[in-house]
Amino acid sequence: MSEILDRLAETLEARKNADPQSSYVAKLYAKGIDSILKKVGEEAAETIIAAKGGNRDEIIYETADLWFHTLVMLANAGLHPNDVLNELARREGLSGIAEKAARKDQ
Ligand SMILES: N=c1c2ncn([C@@H]3O[C@H](COP(=O)(O)OP(=O)(O)OP(=O)(O)O)[C@@H](O)[C@H]3O)c2ncn1[C@@H]1O[C@H](COP(=O)(O)O)[C@@H](O)[C@H]1O
C-alpha cells in the first residue's frame, strides 16, 4: 500500500511547478503554509466529528482528506511520506512509555 503514498508524493512534488488554475494542490501551495495548515486543521475537525458519528464510510472519507492534506503539508516542507513511515518503524516495538522517556531525554 505504500506505493500509493509514493505515487501521491510524486504527484505532489510535480504540482510544485503546476498552474494553480488547473490543480487543487498547486492552488494550495500558491496560497501558502497558513492555508495548508488551515486545511489540515479543518480536516482534523471533520475527522473527529465523523469518528464521533460512527459512520464507517464517513470516517474513512474524512480520514483520507486529513491524510491527503497532511501529505501536502509534508511535501510543502520538503518531506516525503517515507520520512514519517521511517519514524513509525523506528518506534515499532518500543512501548509508549519508553518512547515518552526517550523524548524527555532529547
Ligand atoms: N487525494 C486528493 C484529494 N483529497 C481531497 N482533495 C481535495 O481536497 C478538498 C477537500 O476540501 P473540502 O472538503 O473542504 O472541499 P472544498 O470546499 O472543495 O475545499 P476548499 O476549496 O474550501 O479548500 C476538495 O477540493 C478535494 O477535491 C484532493 N485533491 C487531490 N487529491 C490527489 O492529489 C492529486 C493532484 O490533485 P490536483 O492538484 O487537483 O491535480 C489528485 O490526482 C489526487 O490523487
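A residue is called buried when its relative accessible area is under 20%, exposed when that area is over 50%, and partly exposed in between (1.4 Å probe, protein chains only). By this scale Glu87 is partly exposed, with a relative accessible area of 27%. The model is predicted, so to speak of local features a pLDDT of at least 70 is needed, side-chain atom pairs count only at pLDDT 80 or more, and totals for chains, interfaces and linings use all residues. Residues are numbered from 1 along each chain as its sequence is written, and side-chain values use heavy atoms, with hydrogens and water left out.The side chains of Glu87 and Arg91 meet in a salt bridge, a side-chain nitrogen of Lys or Arg within 4 Å of a carboxyl oxygen of Asp or Glu, with 2.9 Å from N to O. Both residues lie in helix α5, 4 residues apart, about one turn of the helix, where helices are DSSP runs (H or I) of at least four residues, numbered from the N terminus. Arg91, at 30% relative accessibility, also counts as partly exposed. By the salt-bridge rule, the count comes to 7.

Glu42 and Lys38 form a salt bridge of 3.4 Å, N to O, and they are separated by about one helical turn because they are 4 residues apart in helix α3. In this pair Glu42 is partly exposed at 30% relative accessibility, whereas Lys38 is exposed at 55%. Glu43 and Lys39 meet in a salt bridge of 3.7 Å, N to O, and they too lie 4 residues apart in helix α3. Here Glu43 is buried at 4% relative accessibility, while Lys39 is partly exposed at 21%. Lys38, Lys39, Glu42 and Glu43 are linked in a network of salt bridges.

A polar side-chain atom of Ser23 lies 2.5 Å from an oxygen atom of the ligand, a polar backbone atom of Tyr24 is 2.9 Å from a ligand oxygen, and a backbone N or O atom of Val25 lies 3.0 Å from an oxygen atom of the ligand. Of the 830 Å² of accessible area that the ligand has on its own, the protein covers 51%, with areas taken from the Shrake-Rupley method and a 1.4 Å probe.

Notes:
A polar contact is a pair of N or O atoms within 3.5 Å; within protein, one must be able to donate a hydrogen and the other to accept it, and residues adjacent in sequence count only if both atoms are side-chain atoms. Helices (H or I, at least four residues) and strands (E, at least two) are DSSP runs, numbered from the N terminus.
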